[in-house]
Amino acid sequence: MNAIQIKMREVAGQLLSLGEVDRVIGWEKGRFAHQSPPAFITDETKVERLIWDEYCLTGTAKYLLDDPYRAGKTGLFARGCDARAINRLIQDGQVKRENIVIIGICCTGMSDSVSRQMAAKCCDCTHPTPVVYDLMIGEPVKPVAKPERFKAVAELEQKAAQEKSEYWTRQFAKCIRCYACRNICPACNCRECFADQYRVGWLGKQHHTAENQVFGLTRAYHIADRCIECGECARVCPVGIPLMELNRKLIKDIQQLFGDYHAGVDSETAPPLGRYSLDDMEEFM
Amino acid sequence: MHILAKANLIEAIERLVKEFKVLVPMQYDGVSRFSVWGSHGMQAFNASNTLLPPKDSLFPRTETLYAYQVANQEITGVTVRDQAEHQIIFGIRPCDMQSIHCLDDVFLTKGYADSYYHSKREKLLTVCIGCTKSEPTCFCESMGINPAGHSGADIQMNDLGSGYRVVAQSQSGQEIVEKWKDLLSQGQEEVVAASCTLKVDMNGVPEMLATLFEHSLWQEVSRKCIGCGTCTYLCPTCHCFDMDIQNQGNQGTRFRCWDSCMFSDYSRMAGGHDPRPSKSERLRNRFLHKLQFFSERYGKSLCVGCGRCLIKCPVHVDITLLIDQVRKEAAHV
């Protein structure tokens with residue numbers, strides 16, 4: 001058994017038995033070897049269910065929103081991406097820091113459950129070590145710049161407008177409007193999504209390319225300065241729409257316009273589109 | 001028995017395109033689905049299930065029910081859009097064939113036939129290809145389906161290696177086989193069928209579920225569910241829809257489109273009350289519909305064991321694990 005997993009069970013057992021938390025969220029084994037779905041453990045005798053392997057792909061932080069008013073504290077296992085997600089949720093006033101015990105895990109990346117290679121979302125990871133934690137498991141790894149993660153965006157930018165339009169039209173023609181991208185996303189935390197307000201008329205309920213594009217592009221803009229680059233949207237998309245290319249385009253633009261900003265790296269720096277500064281570029285005025 | 005050599009497969013399909021819109025399993029842009037013969041992509045006759053189920057050929061994602069025009073606040077014309085084409089689904093697998101039988105029960109029986117579904121169903125022919133290999137996520141056998149073939153298809157084909165055994169199972173199937181007469185040879189060969197490695201015991205499960213409505217297992221199973229519609233939209237039998245209108249100036253259409261019982265707004269009523277306020281009630285409803293309510297109403301399971309939800313659920317909610325758990329919990333009730 002790997003050292004991280006042993007430590008996870010030990011820590012979870014202690015936190016639960018001491019009553020410091022009344023549940024922990026980690027991962028457990030699914031039916032198949034390549035499946036390690038999230039696990040919710042409330043009983044200290046059940047910590048043996050917790051596992052750590054290369055298929056712990058799902059983010060844990062978003063689950064904090066399921067029951068925002070629950071009384072007890074949650075012990076949350078958090079890798080770099082999960083920790084950034086927690087910061088984002090704290091910044092958006094969605095969760096309270098004092099209600100979570102963050103058990104950081106220094107992550108070396110997960111594997112794609114089909115190709116068994118390093119998962120795409122992990123190849124582009126800049127913060128493998130949690131940026132916020134109460135306890136830490138494993139050896140910290142320094143943040144990595146990974147400028148190559150903007151390569152696909154740079155290539156797309158070179159294309160003519162018509163080509164770009166055709167590319168995204170083709171991608172969103174595949175969209176089945178399952179909203180898995182939105183529901184898994186820690187930056188998507190609106191009480192009611194614009195996509196569900198179909199009586200208002202932002203978005204029709206029809207499943208076709210035009211409406212799919214309105215959904216996909218609006219969502220991308222809406223999380224523009226809040227995307228923590230966990231890559232979960234692209235991972236869960238059942239039809240393989242490269243959603244991170246859209247998000248990265250916006251991240252790249254924001255970095256050019258507002259300077260070096262990485263969402264969720266801390267919970268103090270306000271997101272560029274959520275603050276106002278006299279120095280802001282306003283060439284559109 | 002009739003054998004269609006694989007070298008003659010294309011010719012056999014080409015003979016049908018004049019009369020029918022022929023849908024075949026195709027892979028395009030990373031997605032496999034039933035697409036019109038000749039469209040972009042690679043044919044995927046040898047692959048197992050398509051990612052997207054064939055249900056949209058009978059029950060489109062979005063379907064215009066009627067169009068209307070308005071002048072001086074009066075409706076001046078209503079056009080019912082109900083133009084079904086002659087279609088063939090060529091290469092449907094036994095699990096998906098069974099899913100069409102489930103949809104038939106929903107849309108055509110119990111005293112009301114949905115005219116939009118009915119007109120398409122009447123003009124649909126099905127050519128089923130038996131499975132020679134199963135995916136680790138296939139469990140159709142446990143759902144009472146034979147991976148080798150389905151008696152409800154108009155034509156049943158089975159891969160023999162160099163060719164397909166062809167058996168007409170209906171009058172319309174017979175007419176198609178007549179068109180292929182010169183392409184078919186006679187022979188005797190053993191049909192090899194797949195066997196599912198994933199097995200669940202469905203015996204008594206609907207009755208067990210009837211005793212577990214208030215059980216805590218629904219809370220447990222649903223905790224990781226993210227409430228997306230992946231399972232319902234990839235499911236070959238899920239058939240919930242919503243209806244709405246689209247107005248453009250003096251004209252508009254009323255359409256219906258797929259909807260999902262996993263969505264938070266699905267069961268919300270006028271006034272805001274929601275009888276299924278959280279994901280545990282929604283997930284329970286979906287599984288009970290699959291495994292209990294449908295069999296009580298129609299005498300068959302609404303899960304056909306195709307395994308699509310097992311493959312694509314972002315957090316691996318697994319109907320086969322749920323069935324195992326139901327057996328375990330029911331033993332303790």
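The area buried between domain 1 of chain A and domain 2 of chain A amounts to about 2,000 Å², of which carbon and sulfur atoms give 49%; buried area is here the accessible area (1.4 Å probe) that two parts lose on being put together, summed over both. On the side of domain 1 of chain A, A:Lys62, A:Arg84 and A:Arg88 lose the most area to domain 2 of chain A, together 32% of what that side buries. The structure is a predicted model, in which local features need pLDDT of at least 70 and side-chain atom pairs count only at pLDDT 80 or more, whereas totals for chains, interfaces and linings use all residues. Residues are numbered from 1 along each chain as its sequence is written, chains are lettered from A in the order in which they are written, and side-chain values use heavy atoms, with hydrogens and water left out.

The two domains of chain A span residues 3-137 (domain 1) and 147-274 (domain 2), with bounds that come from an automatic or database domain assignment. Their centres, taken over C-alpha atoms, are separated by 24 Å. Contact (heavy atoms within 4.5 Å) involves 22 residues of domain 1 of chain A and 27 residues of domain 2 of chain A. Three salt bridges are found across this interface, a salt bridge being a side-chain nitrogen of Lys or Arg within 4 Å of a carboxyl oxygen of Asp or Glu. A:Lys121 and A:Glu232 form a salt bridge with their closest N and O atoms 2.8 Å apart. Helix H2 (residues 80-91) of chain A gives the most to the side of domain 1 that touches domain 2, with nine residues; helices (H or I, at least four residues) and strands (E, at least two) are DSSP runs, numbered from the N terminus.

Between the chains, 31 residues of chain A are in contact with 43 residues of chain B. Chain A and chain B bury about 3,200 Å² between them, 53% of it on carbon and sulfur atoms. Within chain A, the residues that lose the most area to chain B are A:Arg31, A:Lys205 and A:His207, together 21% of what that side buries. Seven salt bridges and 18 residue pairs in polar contact, both at pLDDT 80 or more, are found across the interface of chain A and chain B. Strand S2 (38-41), helix H5 (161-174), helix H6 (180-184) and helix H8 (232-236) of chain A each supply at least two residues of the side that touches chain B, and H6(A) gives the most, with three residues. By class, this side of chain A has 14 nonpolar, six polar and 11 charged residues; Ala, Val, Leu, Ile, Met, Phe, Trp, Tyr, Cys and Pro count as nonpolar, Asp, Glu, Lys and Arg as charged, and the others, Gly among them, as polar.

Over all chains, the count comes to 39 salt bridges. A:Arg31 forms a salt bridge with B:Asp324, the closest N and O atoms lying 2.9 Å apart. This pair crosses between chains, from A:Arg31 in the loop between strand S1 (23-27) and S2 of chain A to B:Asp324 in helix H10 (residues 319-332) of chain B. A:Arg31 is partly exposed at 27% relative accessibility, as is B:Asp324 with a relative accessible area of 33%; buried means under 20% relative accessible area, exposed over 50% and partly exposed in between (1.4 Å probe, protein chains only). The side chains of A:Arg170 and B:Asp29 also meet in a salt bridge (2.7 Å, N to O).

Within chain A, A:Glu229 forms a salt bridge with A:Arg248, the closest N and O atoms being 2.7 Å apart. A:Glu229 lies in the loop between helix H7 (209-222) and H8 of chain A, and A:Arg248 in helix H9 (residues 243-258), 19 residues apart. Both A:Glu229 and A:Arg248 are buried.

In chain B, B:Thr232 lies in helix H7 (residues 230-234) and counts as buried at 3% relative accessibility. Its side chain is joined to that of B:Ser260 by a polar contact of 2.8 Å.

Conventions: Polar contact = N/O pair within 3.5 Å; in protein donor to acceptor, adjacent residues only side chain to side chain.
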